[in-house]
Number of protein chains: 2
Amino acid sequence: MEEIVDTRAPEVSLPADGALERALFQRLSEAIIRGEIPLGAKLSEPALSRQYGVSRGPLREALNRLEERRLVERTPRLGARVVSLSATTFREIYGVREALEGLAARAAAHAMGEADLARLRAILARQEASLEGDGEHAPNALGGMDEDFHVAIARAAGNGLLIGLLCGDLYQQLRLYRSQLRKVAGRGRRAVTEHRRILDAIEDRDPEMAEWQMRRHIAASYTALAPLLGPAASEDLAE
Amino acid sequence: MEEIVDTRAPEVSLPADGALERALFQRLSEAIIRGEIPLGAKLSEPALSRQYGVSRGPLREALNRLEERRLVERTPRLGARVVSLSATTFREIYGVREALEGLAARAAAHAMGEADLARLRAILARQEASLEGDGEHAPNALGGMDEDFHVAIARAAGNGLLIGLLCGDLYQQLRLYRSQLRKVAGRGRRAVTEHRRILDAIEDRDPEMAEWQMRRHIAASYTALAPLLGPAASEDLAE
DNA sequence: CCCGAAAAATCTGTCGACAATCTGCGTCGA
DNA sequence: TCGACGCAGATTGTCGACAGATTTTTCGGG
């Protein structure tokens, strides 16, 4: 009916490698985690296609990858929707996280190189400095540094599969949950203390102690955060 | 060159739901695990498209999911290839498996229902019967029943994320490795004995013992299988 | 006979289009 | 007035086609 005007950019140079799908995946992932796309929102393929200026092909693949990462849910005919938060899922994440990060801490204590150790020390030093300097007025006392600490340990474990599972699947979901629970300030000092104990165990080359401290750290984090999702909070957060 | 005969089914009705992609994923997954597609083989999209009688769209999505499951590797310009086996990857799988299945056994011992328990007993009974009856002449003494046992425990753990990680990611890779190492007969009796110990611990509602037995079971399995991938065996299996 | 370069063929990444289906709304009947 | 039926709009799943790049083949030279 109406004139179909090609409003696309001149496309002087398409990336031409598999970058479009990955860029879409990353942008959508960030948009979901940062809350720009609300939880439970419907992700219409044509709408996103027009919004990001790409066709539906790469967008579909990006949505599929988001589904594998458990950031969106697809129902066969209804399309894709951003996942809703639930206390059950949160508990499951922390259960798996405790097992996997315990393994990571143990492996790191067993075979961490000096370079990774120095990086870990630097991260922890920054966390302690942030705590001393800023006092309490940072919204989340550690910012993204808590994530950095755990990622560094996962990487130092030298297990590619473990790194992929933690950084690819779990940490993204965890960021999603944390971004919705940002009123959680106060555990920063305790968390840094526990980080210090973990690092000490790794420096002592004590795998058992490192794993135990890590598991305890994660269990404590769950105990602190879980009540915020407790009584029917999942519904509140979903809508 | 040759006549291209359309060997597709009459297609009286396309499934019309998201079944094509899932069917392709399942068929390709089985083909790779059963060794019908050799390790390291290049997966040409047009060739598979013609072979399975579908367009490249769903096939691409299936390949993406296979990549997420770590059954194929995609390089930005070269296309998709079946993964090659390596002793390092095998060790990583078993490391993660020990952590996750240890969690599964502990959770199962903590909260396994009577129905799941009965199913687990039935599986173990079949394993023991298979060992008594067939003697030693089965190629892999347990067939697929070892997998069934571990899947049942994972399901009984009641952790959806854990089930997805184990059944979706790890067990598929594990089946790939086992299908290439099928000359491993002999550990069946020992494995069933260890399964019995795990089940006993679960029936006793002893989570610590269940986790410990499971981890020991998996570590023993790794010790038995790892030498087959040891000195430059990865190259042999890859090509 | 072997090596290097150009051209052809093939393949990946991407795009637009079509059939089948589901959602929402208007209309008709009880 | 309320509920059921039917139609229009939009959306998903799938398909064929095109631009860019890579690999292979082939041709010419040393």
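**Exercise 1.** Does A:Glu45 count as buried or exposed? State also which partner A:Glu45 meets in a salt bridge.

*Solution.* The model is a predicted one.

Step 1. The relative accessibility of A:Glu45 is 13%. Buried means under 20%, so A:Glu45 counts as buried.

Step 2. The side chain of A:Glu45 meets that of A:Arg74 in a salt bridge, with 2.8 Å from N to O.

Step 3. A:Glu45 belongs to helix 2 (residues 45–52) of chain A and A:Arg74 to strand 2 (residues 72–75) of chain A, so the pair ties together parts that are 29 residues apart in sequence.

**Exercise 2.** Which parts of chain A does the salt bridge between A:Asp169 and A:Arg69 link?

*Solution.* Step 1. The side chains of A:Asp169 and A:Arg69 form a salt bridge at 3.5 Å, N to O.

Step 1. A:Asp169 lies in helix 7 of chain A, while A:Arg69 lies in the loop between helix 3 and strand 2 of chain A; the two are 100 residues apart, and the pair links distant parts of the chain.

Step 2. A:Asp169 and A:Arg69 are both buried.

**Exercise 3.** Where do B:Arg196 and B:Asp200 lie, and how much relative accessible area does B:Arg196 have?

*Solution.* Step 1. Both residues lie in helix 8 (residues 188–203) of chain B, four residues apart, which is about one turn of the helix.

Step 1. B:Arg196 has a relative accessible area of 31% and is partly exposed. B:Asp200, at 32% relative accessibility, also counts as partly exposed.

Step 2. Salt bridges that share partners also build a network, which joins A:Glu21, A:Arg65, A:Arg69, A:Asp169 and B:Glu68.

Step 3. The side chains of B:Arg196 and B:Asp200 themselves meet in a salt bridge of 3.7 Å, N to O. Over all chains, the structure holds 42 salt bridges.

**Exercise 4.** How many residues does each chain give to the contact between chain A and chain B, and how many salt bridges are counted between the two chains?

*Solution.* Step 1. Chain A gives 33 residues to the contact and chain B gives 33 residues. Of the area that chain A buries against chain B, A:Glu68, A:Glu92 and A:Leu161 supply 22%, more than any other three residues.

Step 1. The area buried between chain A and chain B is about 2,600 Å², with carbon and sulfur atoms giving 50% of it.

Step 2. Six salt bridges are counted between chain A and chain B. In one between A:Arg60 and B:Glu61, the closest N and O atoms are 3.5 Å apart.

Step 3. The residues on the side of chain A that touches chain B comprise eleven nonpolar, seven polar and 15 charged. Eleven residue pairs are in polar contact between chain A and chain B.

Step 4. The elements giving two or more residues to this side of chain A are helix 1 (19–33), helix 3 (56–68), helix 4 (87–111), helix 7 (160–180) and helix 9 (207–225) of chain A.

Key: Residues are numbered from 1 along each chain as its sequence is written. Chains are lettered from A and ligands numbered from 1 in the order in which they are written. This is a predicted model: local features need pLDDT of at least 70, side-chain atom pairs count only at pLDDT 80 or more; totals for chains, interfaces and linings use all residues. Side-chain values use heavy atoms; hydrogens and water are left out. Contact means heavy atoms within 4.5 Å. Buried area is the accessible area (1.4 Å probe) that two parts lose on being put together, summed over both. A salt bridge is a side-chain nitrogen of Lys or Arg within 4 Å of a carboxyl oxygen of Asp or Glu. A polar contact is a pair of N or O atoms within 3.5 Å; within protein, one must be able to donate a hydrogen and the other to accept it, and residues adjacent in sequence count only if both atoms are side-chain atoms. Ala, Val, Leu, Ile, Met, Phe, Trp, Tyr, Cys and Pro count as nonpolar, Asp, Glu, Lys and Arg as charged, and the others, Gly among them, as polar. Buried means under 20% relative accessible area, exposed over 50%, partly exposed in between (1.4 Å probe, protein chains only).
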